[in-house]
Amino acid sequence: MNIGFSTLALFLKNNNEIIQTAKKHDFSMVEILAEEPFYKRDNKEFKDCGLDIRIHSPTVDINIASINTGIRKESIRQMIHCAKYAEMINAKTITVHPGKIGRIDKHLRIRALELCIESIGEIIDNSNVEISVENMPNKKSFLATNLEEMEMIQNETNCHLTIDTGHANTSDNLEELLNMKNISYCHLHDNNGIKDQHITLGEGTLNLELLKKVDNGIIEINNFNSVLKSKEVIHSMI
């Protein structure tokens, strides 16, 4: 398995420090968390740095499935902007959240899924990097929490997928998701099977045997010591 970590673990650290830390600890991948503070900095250091760079697009106040046209259009614009940045630094993939609904209603969910698919199609049409849609944790307001919706989104858009192991653990569908086509990479973290906790691998209920199916994994935890502990767990499994 190729293993990396999210810059969430070293958030707002100097870019060169992040790159050198990755190399020092023998990581081959880094996922850049592209929230607003990130975009206020010069990030060209990641270009041709010798690592496999992926980008997690902004998520705060973003909803590509919003029934509010203005919010949806701005969310799409920011995804396309993120993809342009990914192209500039030779990043392979940007991971996109599929969106959510503001009120728990079957008809709204159906409409939101339609809007999600339209939005992803527009993002793909205006991008030159992989657009990878992430499965969400088991929460009624989130889209793409189950295999059916993930398959629908992929079949309609031909997008790639980012399989979040912790999210899938809350929905008990990780094995099915890992059998899907065109998986770009996986987010690796653990939880109690109920709440999306982002804890160290092995400290929750995640079936670690399933990690043997993962080719490219980003440890998505906000503490670097926990990242290193999770890396040790992975090496003990494979």
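**Close-up views of a predicted model**

Five salt bridges are counted in this structure, a salt bridge being a side-chain nitrogen of Lys or Arg within 4 Å of a carboxyl oxygen of Asp or Glu. The model is predicted, and local features need pLDDT of at least 70, side-chain atom pairs count only at pLDDT 80 or more, and totals for chains, interfaces and linings use all residues. Residues are numbered from 1 along each chain as its sequence is written, and side-chain values use heavy atoms, with hydrogens and water left out.

**View 1. The salt bridge between R77 and E74 in helix α3.** The side chains of R77 and E74 form a salt bridge with an N to O distance of 2.8 Å. Both residues belong to helix α3, which spans residues 69-88, and they are three residues apart, about one turn of the helix; helices (H or I, at least four residues) and strands (E, at least two) are DSSP runs, numbered from the N terminus. R77 counts as partly exposed because its relative accessibility is 47%, and E74 is likewise partly exposed, with a relative accessible area of 32%. In these legends buried means under 20% relative accessible area, exposed means over 50%, and partly exposed lies in between, as found with a 1.4 Å probe and protein chains only.

**View 2. The salt bridge between E114 and R111 in helix α4.** Here E114 is joined to R111 by a salt bridge in which the closest N and O atoms are 3.2 Å apart. The two residues lie in helix α4 (residues 106-125), where three residues, about one turn of the helix, separate them. E114 is partly exposed because its relative accessibility is 38%, and R111, with a relative accessible area of 37%, is partly exposed as well.

**View 3. E209 in a loop, with its partner K212.** E209 is found in the loop between β7 (183-188) and β8 (216-219), and its side chain meets that of K212 in a salt bridge of 2.9 Å, N to O. E209 counts as partly exposed because its relative accessibility is 44%, while K212 is partly exposed with a relative accessible area of 47%. Along the chain E209 and M237 are 28 residues apart, and their C-alpha atoms are separated by 7.1 Å.

**View 4. The buried residue S75 in helix α3.** S75 has its place in helix α3 and is buried, because its relative accessible area is 1%. Its side chain reaches the backbone oxygen of I71 at 2.8 Å. When residues up to four places away in sequence are not counted, S75 touches I62, N63 and I64, where contact means heavy atoms within 4.5 Å.

View 5. Leaving out residues up to four places away in sequence, E134 touches several residues, including T95, V96, H97, P98, D164, H167 and E220. The C-alpha atoms of E134 and S171, which are 37 residues apart along the chain, are separated by 14 Å.

**View 6. The packing of helices α3 and α4.** Two packed helices are described by the angle between their axes and the distance between the axes. The axes of α3 and α4 come within 10 Å and cross at roughly 35 degrees; axes are lines fitted to C-alpha atoms, for helices over the stretch in contact, and angles run from 0 to 180 degrees between N-to-C directions. The contact is made by R72, I76, M79 and I80 of α3 together with L115, S119, E122 and I123 of α4.

**View 7. The packing of helices α4 and α5.** Helix α5 covers residues 147-157, and α4 packs with α5 at an angle of about 40 degrees, with their axes 10 Å apart. The two helices are therefore oblique to each other, since angles under 35 degrees count as roughly parallel, over 145 as roughly antiparallel, 65 to 115 as roughly perpendicular and the rest as oblique. In this packing R109, L113, C116, I117, I120, G121 and I124 of α4 meet E149, M152, I153, E156 and T157 of α5.

Technical notes:
Polar contact = N/O pair within 3.5 Å; in protein donor to acceptor, adjacent residues only side chain to side chain.
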